[in-house]
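Here's a quick briefing on the model shown below.

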Amino acid sequence: MSVMLEVKDLKKYFKTKRGSLHAVDGLNFKINQGETLGLVGESGCGKSTTGRVVLRLLEATGGEVLFEGKNILDYKKQEMRKFRENAQIVFQDPFASLNPRMSVFEIISEPLIINKKAESKEELNKKVLSLMDMVGLAERLRSTYPHELDGGRRQRIGIARALALNPSFIVQDEPVSALDVSIQAQILNLMDELQKELKLTYLFISHDLGVIKHVSDNVAVMYLGKIVEMADYKTLFADPRHPYTKALLSAIPVPNLDYQRERIILEGDVPSPINPPPGCRFYGRCFVKHGDVCQNMDPEFKEVTPGHFVACHGCHNA
């Protein structure tokens with residue numbers, strides 16, 4: 001299976017009055033064509049920034065983003081225009097990401113008009129209605145505005161807009177976190193159907209491990225700008241190695257009153273991402289730390305079993 005997206009040592013730092021904020025600090029991962037990589041972590045860990053840097057909505061501080069083998073960080077204006085047709089994003093808040101002064105038809109048609117993908121009004125109308133049907137929006141809604149619709153329909157508009165230019169890669173930035181649970185299931189099922197039908201590749205960003213397990217082929221766990229564990233979803237959920245991953249998994253509700261999962265409560269403070277200290281960034285909250293080596297030496301992101309990568313001194317020595 002061919003690799004669609006490969007990220008090498010990706011960094012994104014923001015300058016602040018107190019120093020350099022390490023939002024994304026040396027990420028490495030691959031996404032195969034037609035698959036989904038779930039990127040999960042607490043709020044503020046840098047996962048949404050990662051999605052934006054991968055699409056060059058934010059410029060990287062360092063590293064490479066290889067899309068179909070070519071580094072998009074070197075692309076000029078014309079090359080980026082072509083790349084934008086192949087790579088799109090669905091945002092977290094379906095209301096904030098839509099123009100309140102534009103109707104459903106106008107929102108979905110906008111990328112088609114800008115990129116000159118329709119030669120006539122009849123062709124434009126046909127394409128927009130086809131996109132609306134694809135995402136489950138009734139034709140009667142074409143003249144409505146975002147404030148007149150519920151969250152699920154708004155997100156369907158965002159998905160239709162993302163699909164308008166026939167992309168092959170989509171960043172899903174917490175696309176269901178602002179929706180009710182029943183609507184979440186509908187949107188997740190829709191995105192799964194679209195992926196199979198259109199052979200799409202996803203980077204799916206979420207803080208919800210339950211959602212990540214449902215949608216992902218592979219999962220990367222992120223903590224304070226770094227990926228601490230990555231494996232296929234079956235391996236990661238069955239055999240988590242990093243203590244942070246174990247703590248996250250212990251918080252997932254189990255729909256079985258007869259089964260009591262041992263909850264791992266993390267103590268200590270999250271270190272500042274501004275000029276972060278040396279060593280493991282999870283050191284202050286870790287329940288299996290190994291003294292000086294963990295405190296002073298940044299753990300290497302190593303393969304502990306085939307396809308299972310972990311950044312943890314204790315895991316490497318186990």
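The chain has 11 helices and 12 strands, taken as DSSP runs numbered from the N terminus (helices are H or I with at least four residues, strands are E with at least two). With a radius of gyration of 21 Å, close to the 20 Å that the globule rule gives for 318 residues, the chain is as compact as a globular protein of that length; the radius is taken over C-alpha atoms, and the rule is 2.2 Å times the number of residues to the power 0.38.

This is a predicted model, so local features need pLDDT of at least 70 and side-chain atom pairs pLDDT 80 or more, while totals for chains, interfaces and linings use all residues. Residues are numbered from 1 along each chain as its sequence is written, and side-chain values use heavy atoms, leaving out hydrogens and water.

**Overall build**
- The C-alpha trace spans about 70 × 55 × 45 Å along its principal axes.
- Of the 318 residues, 47% are buried (under 20% relative accessible area, 1.4 Å probe, protein chains only).
- Among contacts with a separation of 6 or more, 63% link residues 24 or more positions apart; contact means heavy atoms within 4.5 Å.

**Around S97**
- S97 sits in the loop between β6 (87–90) and α3 (104–114).
- Its side chain reaches the backbone oxygen of D93 at 3.0 Å.
- Neighbours within four places in sequence aside, S97 is in contact with F91 and R161.

Notes
Buried < 20%, exposed > 50% of the residue type's maximum accessible area, 1.4 Å probe, protein only. Polar contact = N/O pair within 3.5 Å; in protein donor to acceptor, adjacent residues only side chain to side chain.
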